[in-house]
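This briefing is meant for someone meeting the structure for the first time. Please have the sequence and the model side by side while reading, and look up each residue as it is named.

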Amino acid sequence: MTQQEHGQQQVRKRRVFYIPGYDPIHPRRYRELYRKEGTAQAGISGYSLSLSPKQTKGPYGWHAVSEMDGLCTEADIEVLVWSDIVRGSMEATIPGTYWQLLRTAWIYISTGALRRLMRLRKGPVIAALYPVGMLLLQAFLALLLAWGVAYAFGTVAGRAGLSGPVALAIGWALGLGCGYALLRWFKKRDGKFFAYYLMHDYAHSAASRGAIPPEMEARMRAFRALISEALQDPDLDEVLVAGHSSGAHVGVSVLADLIRAGLPLNRPALGFLTLGQVVPMVSFLPRAERLRADLQYLSQRQELAWVDVTAPGDGCAFALCDPVSVSGVAVEGKRWPLVFSAAFTQTLSPERWQQLRWRFFRLHFQYLCAFDRPGDYDYFRITAGPLTLAERYKDRKPSQSRIDAAVSKFTSVAAE
C-alpha cells in the first residue's frame, strides 16, 4: 500500500533522481546550481535549506536538509548521468557537423514533423532552426574569406608577372585554408554561439528518426535499476524523478518500463516532474513508436503522479503543450500529466525578467532556479519539502491555455 493510500502526507525522507537534458558537462554543475539557487530561494521564501555530501551509493549527488512550514525533511538528490553519451555524440568534425545539418534538416522536413511542430510553439522551432542558420552563415563567411584571399593573391601574383592555373590553384588553396581556419575559430568559440552544440543536440534526437539508440537503452536500464532499488527502501516516503528538457522523454520511457515490470506493494509515493520538456521533437518522428507507447501507457497509470511544468517565456521548450495529447496518443482514461505554467512573467519581478528575457538558454534552466516572486511552483519545495508531488498539486487545475489537440502525423505505438 502506498503512502497516499495510507493518507500520510508529510515527507521525512525522499530520494530524487534528476535526469538532465542534452548536456556534456559534469553533473557537479547541478549541485552548485542547486546550492546557489536553493540558498537564494530559501532567503526569499523564508525557509531553511542546507546541503552536505551524499549519503547513498550510486551516481553523483548530494544530501539536502530543509525546514519548511515547521517540518524537517531530508532528501538525497542524484543525477542520472548520460553526459558521456552526449560528449560522444558531439565528436563530429566540422564537415561531419555540416553533414548532420543536411541530414537532420531532411528528416524533419521530409517527414512533415517540422511543419507540424510549428503548429505548437514557434519558439522551440526557431531554436531548432537557429543552428542551421548560424552554421550556414559561418560557412558563407568562410567562403567569402576564401574568395577574398584567392582574389587578393591573384591580384598580387598578376602584378608580379605570375598567372595561369598554378597561380589560381595556389590562391584558392590559401583561400580555402583561411576559410577553414575561420570555421575552426567559430567552433572553438561555440560556447558563445551554441551553433555546434544545438546542431549536435537535434541531430542526436533525429539520428534514428525517433527510435532510442542502443547505448541510450542500456543507460536507461541502469537508471531504471537505481529507481527500482529506491522504491524498495522502507525508510523513504517519496521517490521523485525529475526530467529536464530532453531528460523528460528519457524519464517517460524509464518510468513506463519500471511500472510495466511491477512495483513493490509497500513502497514510497512515486512522483514524476517534467520541466521545460521538448518531447514533440522526438515523438513527432516516424520511428518514435516506443516513446509514443510509453507516453500513452504512463498517462493512464495510477501508480504515480506526473506534473509537467513549462513556461511561455522559455523559447526552448514546448510550453503548455500536453506531450501525450499533442503526440496523438491520448486515450479515454488519461490521467496525466497535469500541465501548468511556471509563469515567468509573473513569478519573476519586472527587473529580473528584463535581465533574463533575452538569455534564452538561461531561461531554459529557470525551472531549477530561484524565483523572486514565487507562485505555486518552487523546485526546492518539490525536491526537498514536506509534501509529495501528488499532495502538493492535488487541487491544482491545469492551465487553461494548454495545447492538448492531436498534432503529430505519426501516432503508431510499439506493441507491448
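Which backbone nitrogen does the side chain of Ser246 reach? In this predicted model, the answer is the backbone nitrogen of Tyr22, at 3.0 Å.

**Around Ser246**

- Ser246 sits in the loop that links β5 (238-244) with α11 (247-260), and with a relative accessibility of 5% it counts as buried, because buried means under 20%.
- When neighbours within four places in sequence are left aside, the residues in contact with Ser246 are Gly21, Tyr22, Trp82 and Val278.

**The sheet**

- An open sheet is formed by 8 strands in the order β2-β3-β4-β1-β5-β6-β7-β8, and its pairing is mixed.
- The edges are taken by β2 (48-53) and β8 (338-341), each of which has a single partner strand, so one side of each is left without a neighbour in the sheet.
- Between neighbouring strands of this sheet the average turn is 20°, with direction ignored.
- Strand β1 (residues 13-19) has 6 of its 7 residues buried, and it is therefore largely enclosed by the rest of the structure.
- On one pairing, β1 runs parallel to strand β4 (residues 71-79) and is joined to it by 6 bridges; on another, β1 runs parallel to β5, again with 6 bridges.

**The nonpolar cores**

- The largest nonpolar core holds 39 residues, and those touching the most other members are Tyr34, Leu273, Val309, Phe344, Tyr367, Tyr377 and Tyr379.
- The greatest contribution to this core comes from helix α18 (residues 379-384), which gives 4 residues.
- Tyr377 has contacts, beyond its neighbours within four places in sequence, with Leu275, Val309, Phe340, Ala342, Tyr367, Phe371, Ile382 and Tyr393.
- Another core, of 38 residues, lies apart from the largest one and has Phe17, Ile85, Leu255 and Val279 among its members.

**Helix α4**

- Helix α4 (residues 94-110) has 17 residues and spans 24 Å from its first C-alpha to its last, close to the 24 Å expected at 1.5 Å a residue.

**Trp172 in helix α7**

- Trp172 belongs to helix α7 (residues 165-188) and, at 33% relative accessibility, counts as partly exposed.
- Not counting residues up to four places away in sequence, Trp172 touches Ala146, Trp147 and Ala150.
- Between Trp172 and Arg28 there are 47 Å in space, C-alpha to C-alpha, and the two are 144 residues apart in sequence.

Conventions. Residues numbered from 1 in each chain as written. Predicted model: local features only at pLDDT ≥ 70, side-chain atom pairs only at ≥ 80, totals over all residues. Heavy atoms only, no water. Helix = DSSP H or I, 4+ residues; strand = E, 2+ residues; numbered from the N terminus. Buried < 20%, exposed > 50% of the residue type's maximum accessible area, 1.4 Å probe, protein only. Polar contact = N/O pair within 3.5 Å; in protein donor to acceptor, adjacent residues only side chain to side chain. Contact = heavy atoms within 4.5 Å. Core = buried A, V, L, I, M, F, W, Y, C linked by side-chain atoms within 4.5 Å. Pairing = 2+ DSSP bridges. Axes fitted to C-alpha atoms, helices over the stretch in contact; angles between N-to-C directions. Expected span 1.5 Å × (residues − 1).
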